[in-house]
Amino acid sequence: MSVIIILLIVSLLIAGGFLMGFLWSVKDGQFDDQKSPAHRILFDNELKINQSNIKNTK
Amino acid sequence: MSNSKAISTLCYHCGNEVNSNNISSGNKVFCCNGCKMVYEILQSKDLCNYYDMNQRPGVVQDKSKQSNKYSFLDNTEIQQKLIHFSNNENSQVTFYLPQIHCSSCLWLLENIHKVNEGIVSSRVNFTKKEVFIVFNHQQTTLRSVVESLDGIGYEPYLSLNEIGKKGGSKTDRTRWYKIGISGFCFANIMMMSLADYFVSENVIDYKIELFFKSISLLLSLPVLFYSATEFFTSAWYGLKNKYLNIDFPVAMALVITFLRSFYEIVNGAGNGYLDSMSGIVFFMLIGRWLQSRTYQTISFDRDYKSFFPIALNVIKEGVIIPTEISKVTANDVIQVYSNEIIPVDAILSKGYARIDYSFVSGESLPIQVEIGELIYAGGKQLDGLLELVVVKEVSQSYLTNLWNNPVFNKKQPLRHSAYDTIGKYFTYAVLAIGFIAGMYWLELGETKLMWNAITTVLIVACPCALLLSQNYTNGNILRIFGLNKFYLRSPEIIERLSQINHIVLDKTGTLTQTKGSNVKYLGKVIDQTTQSDIASLLKQSSHPASKLVSEFLNLHNVSDVNNFKETEGQGIEGWVNEKHIKIGSPVFIGGEYYQEKQGTKLIVSIDGNIIGEYIISNKYRFGVSRLIQSLKKKYTLSLISGDNDTELTHIQELLGKESDVFFNQSPQQKLDYVQELQSAHHLNVMMIGDGLNDSGALKQSDIGIAVADTGNNFTPSSDGVIDSSKLANLNTFIQFAIAGKKIILITFSISAIYNIIGLYFAVQGILSPVVAAILMPCSSITIIALTYGLTEWLSKYYHLEEITK
């Protein structure tokens with residue numbers, strides 16, 4: 001039966017990992033602006049290429 | 001691009017109607033040179049994707065641009081206030097761009113490095129309408145970054161108020177943390193408790209059970225001491241003000257649940273109710289979050305400073321020096337460009353001034369100011385460069401004096417919500433039931449059952465259900481209002497909306513459109529040549545009324561005018577094609593064509609015969625008369641305007657004879673009038689206004705609603721902002737808010753059934769954690785489903801749903 005304790009600890013750790021992930025994403029600002037990423041994803045690759053060009057030329 | 005016909009009549013850039021076909025580039029037609037310029041910049045930089053993503057995505061650019069408009073950004077002192085980070089290569093700056101409205105904007109602004117090579121990267125925050133720009137300050141300057149933004153049609157909003165708030169506005173993330181943590185703890189405590197629900201006692205190993213319980217207890221700590229803190233602080237704040245708000249019984253129930261569970265677990269008497277406790281905290285926090293998703297882009301707290309520019313061009317010994325506005329002193333000579341707001345009281349010394357005071361005083365027609373005359377702060381110069389001598393500095397001008405009124409410094413009084421009152425009686429009832437049940441068991445000598453009964457009664461009877469239905473309903477109502485472009489400062493306003501009984505309206509900019517007047521001709525039929533003669537004479541005059549009629553006639557071939565004479569404030573006369581034409585007021589002409597007082601009139605006489613008149617009247621917003629008809633049935637109305645009384649008959653007709661109508665009112669008089677209605681007549685007043693001149697009245701009223709034109713975020717301090725296109729729906733919004741109150745009460749009564757079931761077990765002292773753990777989510781889910789369903793149904797009922805996209 002005591003295997004349950006180990007299982008529980010493992011499950012808690014996994015869930016805790018997800019919680020950390022969530023808190024991290026909040027801290028990172030992913031929840032600050034919920035609108036622009038939805039639009040940004042629809043743009044063609046052109047945008048990214050240009051930005052990397054800029055970085056390269058720098 | 002499928003509809004070529006639409007393109008030929010609508011501006012390719014902004015979608016406004018094209019009046020003359022002169023402005024075009026390639027096969028694209030534009031409404032104004034500003035729009036064309038933006039298009040040409042984008043075309044030259046290969047950024048025309050902008051127009052492919054959305055049709056006509058631009059914002060109208062109908063203003064002339066000055067080359068040195070942003071020269072003040074070369075001032076290092078001002079630069080330091082705007083730039084929030086800078087190393088030896090790059091600088092970072094955040095601008096607020098109210099024009100951001102679609103994915104094209106986002107795309108263009110994130111590609112702005114194509115327009116200005118010195119920009120390293122840019123990132124848009126759509127929700128806040130902000131753009132974060134990193135630029136290389138060796139290649140470009142702050143001024144040129146702003147000029148590039150302005151050049152493509154996104155003029156950054158730079159103002160006194162925003163300066164000093166470095167790094168843009170910050171979002172509060174604590175609620176996310178709280179929800180995340182309470183959700184995690186709730187789910188895990190639930191998992192630990194699950195075993196207990198299905199297995200009878202003594203089957204589970206003692207060690208395992210102890211482990212389960214201690215983990216649950218451990219997990220409940222962050223819920224109580226972190227996630228739930230806002231309930232405790234709010235309850236404490238209420239107590240300090242000698243007032244029991246709804247958070248008090250909630251906080252009390254949380255504490256008792258925790259203590260009781262702690263006692264049970266430590267003594268091995270049971271499992272406690274930690275799962276229910278953390279669950280309810282989780283649901284309540286989500287409710288609060290829904291309710292508080294207010295509108296980040298809308299500022300409800302603007303004062304006059306937000307409307308004024310940051311800096312002025314001061315001329316000192318022939319040199320133009322950009323100076324921060326607070327440092328401009330009396331007797332300085334300043335330059336003001338067209339479409340700029342004059343932030344100080346000043347005397348005109350050079351230039352041709354046509355000042356639009358509609359925002360500060362409510363006068364609908366622009367005023368012509370002669371050299372040597374005083375211009376009050378807040379007026380907007382319409383076209384041309386002006387030089388002015390400052391009379392009073394910004395903080396002492398006529399306009400800013402209004403903000404010295406105590407109303408602006410008074411703290412908002414603590415308003416008692418009806419739900420708090422219900423919550424209070426609820427608490428009393430619960431305490432009474434708990435006490436009676438306790439006494440009953442004490443009489444029978446069952447001390448253990450007595451404690452069981454008292455504590456569990458307090459646990460199940462927590463008015464969380466009321467709080468939940470209130471939060472979820474208000475949250476959804478705010479969301480529906482937001483979709484319909486009616487933005488409220490906070491959820492409390494919904495409840496206050498249902499209590500108003502008098503509405504005060506402003507005229508200019510609220511009922512009427514800010515731009516444009518109706519010009520109408522009444523009189524004998526006149527042919528093209530006579531019209532052209534009249535237009536020729538009108539062109540000689542710079543009076544605003546002449547300009548309006550001249551624009552209305554829209555004739556370009558001008559004849560010569562001889563012996564032109566302008567009598568100030570009266571009219572004009574002259575000889576055109578051997579005819580003596582006089583145009584002016586009834587007094588000037590000595591008669592009228594049509595004897596009805598309505599609007600501003602220009603009477604035309606040719607060779608001494610009155611042939612007709614041009615009537616200039618305000619353009620009313622769409623649906624205004626429908627709105628007033630519907631409001632009239634339920635509320636008493638009055639209108640208070642800073643404009644002259646030319647529209648009196650029309651307004652009186654619209655509002656009805658019993659309504660008060662006032663004209664030529666100062667901002668202070670507006671404020672006093674609202675105050676008088678409140679104190680002498682005990683009315684709950686809603687004020688609807690738009691300009692700075694309504695600021696005092698908006699603040700004083702129980703609910704101040706500001707009307708904003710689309711894309712214009714510059715509204716005075718208010719409790720709510722309504723888009724002018726939706727003004728006609730205002731009554732529907734109010735009725736929706738009233739219905740919302742009923743929804744809250746209905747869902748609360750339904751969910752109270754769960755409380756009664758819980759109480760049934762609780763008074764007997766046999767409420768087990770299982771029952772509590774079943775009742776709590778059932779009640780919460782019922783509330784969420786009901787409030788959502790009912791508000792959605794209501795929005796369909798009021799036809800508010802189709803505007804979702």
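## Two helices side by side

In chain B of this predicted model, the axes of helix α12 (residues 418–443) and helix α13 (residues 447–460) come within 8 Å and cross at roughly 170 degrees. Axes here are lines fitted to C-alpha atoms, for helices over the stretch in contact, with angles running from 0 to 180 degrees between N-to-C directions. That angle is why α12(B) counts as roughly antiparallel to α13(B) (over 145 degrees; under 35 is roughly parallel, 65 to 115 roughly perpendicular, and the rest oblique). Helices are DSSP runs of H or I with at least four residues, strands are runs of E with at least two, and both are numbered from the N terminus.

Which residues of α12(B) make the contact? They are V430(B), I433(B), G434(B), A437(B), G438(B), W441(B) and L442(B). On the α13(B) side, the list includes L449(B), M450(B) and A453(B). Being in contact means that the C-beta atoms, placed from the backbone, lie within 7 Å. By class, this contact has 11 nonpolar, 3 polar and no charged residues. Ala, Val, Leu, Ile, Met, Phe, Trp, Tyr, Cys and Pro count as nonpolar, Asp, Glu, Lys and Arg as charged, and the others, Gly among them, as polar.

## Another helix pair

Now for α16 (residues 528–539) and α17 (residues 544–553) of chain B: their axes come within 9 Å and cross at roughly 145 degrees. Q531(B), I534(B), A535(B), L538(B) and K539(B) of α16(B) meet S546(B), V549(B), S550(B) and L553(B) of α17(B). Sorted by class, that is 5 nonpolar, 3 polar and 1 charged residues.

## Where the chains meet

Chain B has 23 residues in contact with 23 residues of chain A. On the chain B side, α5 (103–110), β5 (119–125), α7 (174–198) and α8 (206–227) each supply at least two residues. Which element gives the most? That's α7(B), with 5 residues. This side of chain B divides into 10 nonpolar, 9 polar and 4 charged residues.

The model scores ipTM 0.80 and pTM 0.79. Over residues 1–8 of chain B, the pLDDT is below 50.

Residues are numbered from 1 along each chain as its sequence is written, while chains are lettered from A and ligands numbered from 1 in the order in which they are written. Because this is a predicted model, local features need pLDDT of at least 70 and side-chain atom pairs count only at pLDDT 80 or more, while totals for chains, interfaces and linings use all residues.

Terms used. Contact = placed C-beta atoms within 7 Å. pLDDT = per-residue confidence, 0-100.
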